Protein chains: 2
Amino acid sequence: MTADKPIGVFDSGIGGLTVARQLRRALPHEDLVYLGDTARVPYGTKSPATVIRFAREDTQFLLRQGVKAVVVACNTASAWALPALEQGFQLPVFGVILPGVRAALRRTRAGRIGVIGTTATIRSQAYSRGLLSRSDTVSVLAKACPLLVPLVEEGWMRHPVTLAVLREYLRPLRRRRIDTLILGCTHYPLLKPALRAVLGPGVALVDSAESCARYVRERLAHLGLLSARRRSGALHSFVTDEPERFAERARQFLGGVVEPARKVELAPWTGGVR
Amino acid sequence: MTADKPIGVFDSGIGGLTVARQLRRALPHEDLVYLGDTARVPYGTKSPATVIRFAREDTQFLLRQGVKAVVVACNTASAWALPALEQGFQLPVFGVILPGVRAALRRTRAGRIGVIGTTATIRSQAYSRGLLSRSDTVSVLAKACPLLVPLVEEGWMRHPVTLAVLREYLRPLRRRRIDTLILGCTHYPLLKPALRAVLGPGVALVDSAESCARYVRERLAHLGLLSARRRSGALHSFVTDEPERFAERARQFLGGVVEPARKVELAPWTGGVR
């Protein structure tokens, strides 16, 4: 039965586990198949054409694992590849951008919304266009923050250097007095305390992982694709680089024990698989 | 004639142009074919098995371009893949580690040598083993510095944040009073002024790009593979991601005008090409 099949989740690497974590909270009975393309991480510094190619290969792999839907946990892939995936594959594909946009529009009071993300995500203007197409009254200030993922990967979540980097990146957003900030990258939820310290309590932080999980639940319910089972869902993980490092670091992003990932090589997209 | 064929150079991305730059200085009449694997950059965070696979594909591509020798500009690939490349391909393959080791041993007075590089390069212990196997009297302190490449990519070569990061990374090396520091990554030559500011004038900086170029000239001469032509050599570049960003940024690393790169897709290593 289709509804009992797992949900597929892919990301450029390990960061998408923050989305898997929220999916497990929102949909505790669903099985998840996670793919982290750790051999080619990051996507956020790459070109649109390359991100689309990688996203197709990721989706094709998940489809071959028998998933009922695909969640694009990577903001950069969501920003560039979602139309190509919706067109190329006949199953529901959900990204993180639209849910983040909707959550930000619900949260903002003054209508001044900031967006931070990778260079490629910000260059896509996906969040800005999504916000401005749904509201006539908001203003959006987007800022690429390429150092934040490396700082999280280094484990410097509350390091003075990270605070200094955030102060520099967020200066134009603070000057414009944003009241809402979209965390447009899987790694950024781990920076919430540092963001809070720099921005103060007056700015709402929109975690796109959280809003994505709620959105996926809503859409799967609408499509009649929620599993009726009542046991706890399982999480099976695959990576394209060696799995050792994944195991070491997955716990931090998932917030719990992760079973070992299996290594896979991704096939080129054939264009024929649906 | 084999000696008139170009020299192949590959790197995980754009940083290897610092090696191409030194090769052009040391060997101005040689043609160069440069491959930057910009779709899969960086290598420095990936596992040995994946780095070896990528390096084989890079070398195979260069071989098909008719090169007479291959220079592995990437420190991480030099650290992990050199034996596999020497074994798998019948042409001279030169890395950056051995030249850096020899240069550091010539430069050091007190025998206290520091090494900085990516996580994968430092984990390989390639520099440490190279130094300790050639000298009984040196002590080596190696330190992984994963934030330095992102800082250079962000253009923050002299930014206060970069100085703060360097002070933190280099603290154990300064405490041990190193007198020589090997810059074990293609991006680090761009940080020389910042390194100088943090370390002071008493520490010799060994630029592995410079020492590599001298080493390649010496080895090619020994093998009778130096071109006898006296015109200026050409540089042809290939990348695996879209070439636009390469063009924007190549000048900074090469220190001069770069002709546009062509995009290529790398074939899986067949194991059969020699």
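Contact here means heavy atoms within 4.5 Å. By that rule, 31 residues of chain A are in contact with 31 residues of chain B. This is a predicted model, in which local features need pLDDT of at least 70 and side-chain atom pairs count only at pLDDT 80 or more, while totals for chains, interfaces and linings use all residues. Residues are numbered from 1 along each chain as its sequence is written, chains are lettered from A in the order in which they are written, and side-chain values use heavy atoms, with hydrogens and water left out.

Start with the interface. The size of an interface is often given as the accessible area lost when the parts come together. Chain A and chain B bury about 2400 Å² between them. Carbon and sulfur atoms carry 57% of that area. The figure is the accessible area (1.4 Å probe) that the two parts lose on being put together, summed over both.

A salt bridge is a side-chain nitrogen of Lys or Arg within 4 Å of a carboxyl oxygen of Asp or Glu. The rule finds two across the interface of chain A and chain B. One of these pairs Arg53(B) with Glu265(A), whose closest N and O atoms are 3.9 Å apart.

Which elements of chain A give two or more residues to the side that touches chain B? They are α2 (48–64), α7 (148–153) and α8 (160–175). The largest share, five residues, comes from α8(A). Helices (H or I, at least four residues) and strands (E, at least two) are DSSP runs, numbered from the N terminus.

Now the symmetry. Chain A can be laid on chain B with an RMSD of 0.0 Å by a turn of 180° and a shift of 0.0 Å along the axis. The two copies are thus related as by a two-fold rotation axis. Copies are superposed by least squares on the C-alpha atoms of residues with pLDDT of at least 70 in both. Of the residues of chain A, Arg40(A) comes closest to the axis, its C-alpha at 2.3 Å. The same surface serves both copies, as 100% of the contact residues of chain A recur in chain B.

Finally, look at Leu35(B), in strand β2 (residues 32–36) of chain B. Leu35(B) is buried, with a relative accessible area of 0%.

Definitions and conventions. Buried means under 20% relative accessible area, exposed over 50%, partly exposed in between (1.4 Å probe, protein chains only).
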